[in-house]
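Visitor: Can you take me through this one? I'd like to start with the sheets and then move on to the metal site.

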Amino acid sequence: MAHLLIAEDDELLRDGLRAIFTQAGHEVSTCVNGALAWEAIQTEAFDAVVLDLGLPLLDGFQVLARLRQRWPTLPVLILTARDGVEDRVAGLNAGADDYLTKPFNLDELLARVQAMLRRANLPAHATPATPNTADALRIDTERPRAWLGNTAIDLTQREWELLQLLWANFGQVVSREAVLAAWQTPDGDNTPLASNALEVYVHRLRRKLGDAPLTIRNVRGLGYLLQSLPHG
Ligand code: CA
């Protein structure tokens, strides 16, 4: 369960968002304008924020800018208008982790927020993460690095993308095809990969994870699986 803040001035949409996240077992706070959202962010500990950009009093950009100064890693998904390509770009540049364009499917929003929470893997932004089993791993969402407890691990772009993908699907098999597709991002490194490249990256990543209570399992014929090592 996570504590979520929903900042949305459209009452119908706000009620819909509250309903779907509550049904999914999350604790939800809602705000009708940007000033109240900023006040809530400063006084309560949230695990993620769903932020409409078009809000009264303070707009979503202003809320996001203030929030990012103090909480650089708090996951934020912005909601933008259908034709707001520039807003979307500006929102991502201002530090949003993800976006959805209105009108959107509520189930997709739920899935995106859950993925954001898994990636962030932070119990709450206001309290330091306590390392326990798999939680000892934290992955930077903006730059290719991660931490095991307090030890930083330097990762290459591809190692980082691979680790994020496995982490977002923790305990589930990720197919070779899914990894290769994730690597083919428009702004990524599109150098053609040798046929055994994935194995090489997995091997290196395993080595970098070193003493972590985690392992990357090769599930023959299917793909790779990140899982916790049994204790002891
Ligand atoms: Ca609005």
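Guide: A term before the sheets: two strands pair if DSSP finds at least two bridges between them. Helices (H or I, at least four residues) and strands (E, at least two) are DSSP runs, numbered from the N terminus. This is a predicted model, in which local features need pLDDT of at least 70 and side-chain atom pairs count only at pLDDT 80 or more, while totals for chains, interfaces and linings use all residues. Residues are numbered from 1 along each chain as its sequence is written, and side-chain values use heavy atoms, with hydrogens and water left out.

Visitor: Fine. In what order do the 5 strands of the open sheet run?

Guide: The order is E2-E1-E3-E4-E5, and the pairing is parallel. Strand E2 (27-31) and E5 are at the edges with a single partner strand each, so one side of each has no neighbour in the sheet. From one strand to the next the twist averages 15°; axes are lines fitted to C-alpha atoms, for helices over the stretch in contact, and angles run from 0 to 180 degrees between N-to-C directions.

Visitor: How many bridges join E4 and E5?

Guide: They pair over 4 bridges, in the parallel sense. Isoleucine 78 has tyrosine 99 in E5 as its bridge partner.

Visitor: And which strands does H1 lie across?

Guide: H1 lies across E1, E2, E3 and E4, and runs at about 170° to E2.

Visitor: What about the 3-strand sheet, what is its order?

Guide: That open sheet is ordered E6-E7-E8, with antiparallel pairing. Strand E6 (137-139) and strand E8 (151-154) are its edge strands, each pairing on one side only. The twist there averages 25° from one strand to the next. Arginine 145 stands opposite aspartate 154 in E8. Helix H8 (residues 197-209) lies across E6, E7 and E8, at about 165° to E8.

Visitor: On to the metal. Which protein donors does the calcium ion have?

Guide: They are Asp9 (OD), Asp52 (OD) and Gly54 (O), at 2.2 to 2.4 Å from the ion. Donors are N, O and S atoms within 2.8 Å of the metal (3.2 Å for Na, K and Ca); water is not among the atoms, so sites may look incomplete.

Visitor: Is aspartate 52 buried or exposed?

Guide: Aspartate 52 is buried, with a relative accessible area of 3%, while aspartate 9 is partly exposed at 35%. Buried means under 20% relative accessible area, exposed over 50%, partly exposed in between (1.4 Å probe, protein chains only).

Visitor: Which elements do the buried residues of H5 pack against?

Guide: They pack against E1, H1, E3, strand E4 (76-80) and strand E5 (98-101). The buried residues of H5 include Leu109, Val113 and Met116.

Notes
Contact means heavy atoms within 4.5 Å.
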